[in-house]
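Subject: Model handover and cavity notes

Hello,

Here is the model for your files.

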Amino acid sequence: MALWRRLLGSRISMVQTPYAPAVANVHAALQRIGARDAQVRAWLHVDDTGALAAARALDAGEPGPLHGICVGVKDVIAVAGMPLTHNSPLFSGFVPAEDAPCVATLRAAGAVILGKTDTTEFAAAGRNAASANPHDFARTPGGSSAGSAAAVADGHVPLALATQTGGSTIRPASFCGIHGFKPSWGLISREGVKTYANSLDTVGWYARDLDLIDRVCEIYGFAPGAHVEGRTLRIGVFRTPWWDEMTPDGQAAFDGIAAAMTGAGIDVVEIATLPEFEHLNDDHRAILFREGAAAFLSLARARPDLLHPDFHLRVDALATYPDARLREAHDRAAAARVGFERAIAGLDAVLAPSAPGIAPLGRSPGEPRFNQPWTLLHAPVVNLPLAKGEGGMPIGVSLVAPRYDDRRLIGVAREVEARLTFIAK
């Protein structure tokens, strides 16, 4: 039976702080990777020489807000001078000349880009990442941001970039027992990031704690959030229409966290339904496949022999999802965004499952049903690693807020964690 409790005692922490010597941080990261990555397999490429050179240059200058913080980058995001494979044979040997803007912004803040992390092919389908869950090597860390989640969970780096088109940031965070953040759609440039579904793709990240999550938001130029410390919080509890598909320990963990919130003085409000929510997974799939058809059409035409059959299915999606269906999906999603925000007016956030339960055996990405609706709603989501299930494996929960309320959501998440940690002592 799953028992609600904090994971602070079991998660591996890294001693990397802003203004610590960057060279020392790089050496610590390389040592950890050397000791563990033969089993974890989080990395496709580690640039030890380049990272040490960058760290020496940083230590010789004025420190930035992320001085010396080592970063892993999901291998669908361009990093200058490092391979960009997308975990696909189609891109073997490809090395970009420039950083994607989301990477360049972190570099400018003093971060050290350590290397590229493993991913599901094109962050979409096809080949699974080889990465293992650090809590149980037989289990998946989740996909598609498998390597990034595993690298943070196993203490290789304190920060890693991810992406989400369905549930590829939040679900691995739940499986690996770490903080994961998917911001509001469109707030971070996706230039230099492989396109899958243009109206869904979002750059996100994993971090050792919510303070670092928030600091990265600030570096990316997100507006400050309103303060919530010390006042009564109102959290909506939404079990979703797929509650019966949760595992028993997933249900017990979620209910335990909701009960703990009540015990911590948080005003918990049950939400039975949300506008159009039961349609959103079907609408997400229609948009995903049709926009995915556009993203992979050129590869299907030019290099069909090396393109995984999963992507040929997306290119052939016109017959399954005609224009009228695509229009319906987009219209219903637009209405649902407004309806969701009206329905939760007066709440600080919505609590929802991040995944059905613990990470499954194998290397599959995992079930995205609990994440896709929030992605389609363009809402910011943060995973909180607050519970354990069978075998001590992590189970996270999502806090969700209206669009563009990103840093306020992180403030709410920080306050929730602080209050639950207090009552757990």
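This is a predicted model: local features need pLDDT of at least 70, side-chain atom pairs count only at pLDDT 80 or more; totals for chains, interfaces and linings use all residues.

Residues are numbered from 1 along each chain as its sequence is written, and side-chain values use heavy atoms, with hydrogens and water left out.

Overall fold

The protein chain has 12 helices and 12 strands. These are DSSP runs numbered from the N terminus: helices are H or I with at least four residues, strands are E with at least two. A compact globule of 425 residues would have a radius of gyration near 22 Å; the chain has 20 Å, which agrees. That radius is taken over C-alpha atoms, and the globule rule is 2.2 Å times the number of residues to the power 0.38. The C-alpha atoms fill a box of roughly 55 × 55 × 40 Å along the principal axes. Buried residues make up 59% of the 425. Buried means under 20% relative accessible area (1.4 Å probe, protein chains only).

UniProt, in an unreviewed entry, places "domain: Amidase" at residues 26-409. Such annotations may be inferred rather than shown by experiment. Over residues 26-409 the chain is 36% helix and 16% strand.

Cavities

The search of the whole structure finds 2 cavities of 30 Å³ or more. A cavity is a set of points on a 1 Å grid over the protein atoms alone where a 1.4 Å probe fits but cannot get out; lining residues have an atom within 4 Å of a point. Points are joined across faces, edges and corners, and a volume is the space filled by probe spheres set on them.

- The largest cavity holds about 70 Å³. Its lining includes Phe122, Arg190, Lys194, Tyr196 and Asp201. By class, that lining has 6 nonpolar, 3 polar and 3 charged residues.
- The second largest cavity has a volume of about 40 Å³. Among its lining residues are Asn128, Ser131, Gly142, Gly143 and Arg363. By class, there are 3 nonpolar, 6 polar and 1 charged.

Ala, Val, Leu, Ile, Met, Phe, Trp, Tyr, Cys and Pro count as nonpolar; Asp, Glu, Lys and Arg as charged; the others, Gly among them, as polar.

Ser144

Ser144 is found in the loop between strand S4 (112-117) and helix H4 (146-153). Ser144 is buried, at 3% relative accessible area. Its contacts (heavy atoms within 4.5 Å) include Lys74, Asp118, Ser168 and Arg171, not counting residues up to four places away in sequence.

Best wishes

Methods
On a 1 Å grid over the protein atoms alone, a cavity is a set of points where a 1.4 Å probe fits but cannot get out, and a pocket is an open set with protein on both sides within 12 Å along at least five of seven lines; lining residues have an atom within 4 Å of a point. Buried means under 20% relative accessible area, exposed over 50%, partly exposed in between (1.4 Å probe, protein chains only).
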